[in-house]
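Please open the structure in your viewer and keep the sequence panel beside it. The tour below moves from one selection to the next and says what is there at each stop.

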Amino acid sequence: MLTTEGEEPMSASEARRLACQAKILPAVLDGRGRVLDLGRSARLFQPAQRVAIRLRDHTCRAEGCTIPARWCHLHHHDPWSRGGTTDLDRAVTLCAHHHQRIHDHAYTHERMPNGDIRFHRRT
């Protein structure tokens with residue numbers, strides 16, 4: 001439980017609300033104190049984030065692709081240019097081929113329940 005300077009109890013949601021109002025950017029840290037979620041404070045994924053995402057994804061997340069995650073790019077589900085965040089749950093590993101395809105207007109894509117990306121050629 002969080003407390004104020006006067007030792008009054010404060011919920012985590014109240015602390016988040018106050019931090020937001022004060023324009024303090026919250027960060028999620030791993031066990032070693034490395035930043036994992038950056039919100040809008042940085043566009044590029046940091047080394048600790050890259051490790052965490054690649055451990056989670058193992059391979060390119062395009063449906064059926066087996067390219068190892070260590071050879072993949074990290075893609076923002078929500079484009080940074082349109083307000084997307086640099087957070088673990090908004091990132092996915094895609095090999096160079098599929099990363100190019102996700103930005104190709106000749107294709108649409110959908111996120112599957114397991115987190116994979118399925119591509120469809122526009123008709």
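Leaving aside its neighbours within four places in sequence, which residues is phenylalanine 119 in contact with? Select phenylalanine 119 and display what surrounds it: Ala62, His98, Arg101, Ile102, Tyr107, Thr108 and His109 are in contact with it, where contact means heavy atoms within 4.5 Å. Before going further, note that this is a predicted model, in which local features need pLDDT of at least 70 and side-chain atom pairs count only at pLDDT 80 or more, while totals for chains, interfaces and linings use all residues. Residues are numbered from 1 along each chain as its sequence is written, and side-chain values use heavy atoms, with hydrogens and water left out.

**The whole chain**

Zoom out and colour by secondary structure, and you will find three helices and eight strands in the protein chain; these are DSSP runs numbered from the N terminus, with helices (H or I) of at least four residues and strands (E) of at least two. Followed along the sequence, they come in the pattern β-β-α-β-β-α-β-β-α-β-β. Of the 123 residues, 34% count as buried, a word that here means under 20% relative accessible area, with exposed meaning over 50% and partly exposed in between (1.4 Å probe, protein chains only).

**The hairpin of strands 7 and 8**

Now select residues 107–111, which are strand 7, and residues 117–121, which are strand 8: they pair in the antiparallel sense over five bridges, and two strands are said to pair if DSSP finds at least two bridges between them. The two strands form a hairpin with five residues between them, and in the turn glycine 115 has a positive phi of about 95°. If you pick threonine 108, its bridge partner in strand 8 is histidine 120.

Return to phenylalanine 119, which lies in strand 8 and counts as buried because its relative accessibility is 17%. Histidine 98 is 21 residues away from phenylalanine 119 in sequence, yet the C-alpha to C-alpha distance is 8.9 Å. Next, show arginine 101 and tyrosine 107 together: the charged end of the arginine sits over the tyrosine ring, 4.0 Å from its centre, the rule being that NZ of Lys or CZ of Arg is within 6 Å of the ring centre and within 35 degrees of the ring normal.

**The nonpolar cores**

Select Cys60, Ala62, Cys65, Cys72, Val92, Leu94, Cys95, Ile102, Tyr107, Ile117 and Phe119, which make up the largest nonpolar core, 11 residues in all; such a core is a set of buried Ala, Val, Leu, Ile, Met, Phe, Trp, Tyr and Cys residues joined through side-chain atoms within 4.5 Å. Strand 6 (91–94) and strand 8 are the elements that give two or more residues to this core. Apart from it lies another core, of five residues, among them Ile53, Leu74, Leu88 and Ala91.

For the last stop, select aspartate 57, whose place is in helix 2 (residues 47–57). Is aspartate 57 buried or exposed? Aspartate 57 counts as buried, because its relative accessibility is 5%, and, leaving aside its neighbours within four places in sequence, it is in contact with Val92 and Thr93.
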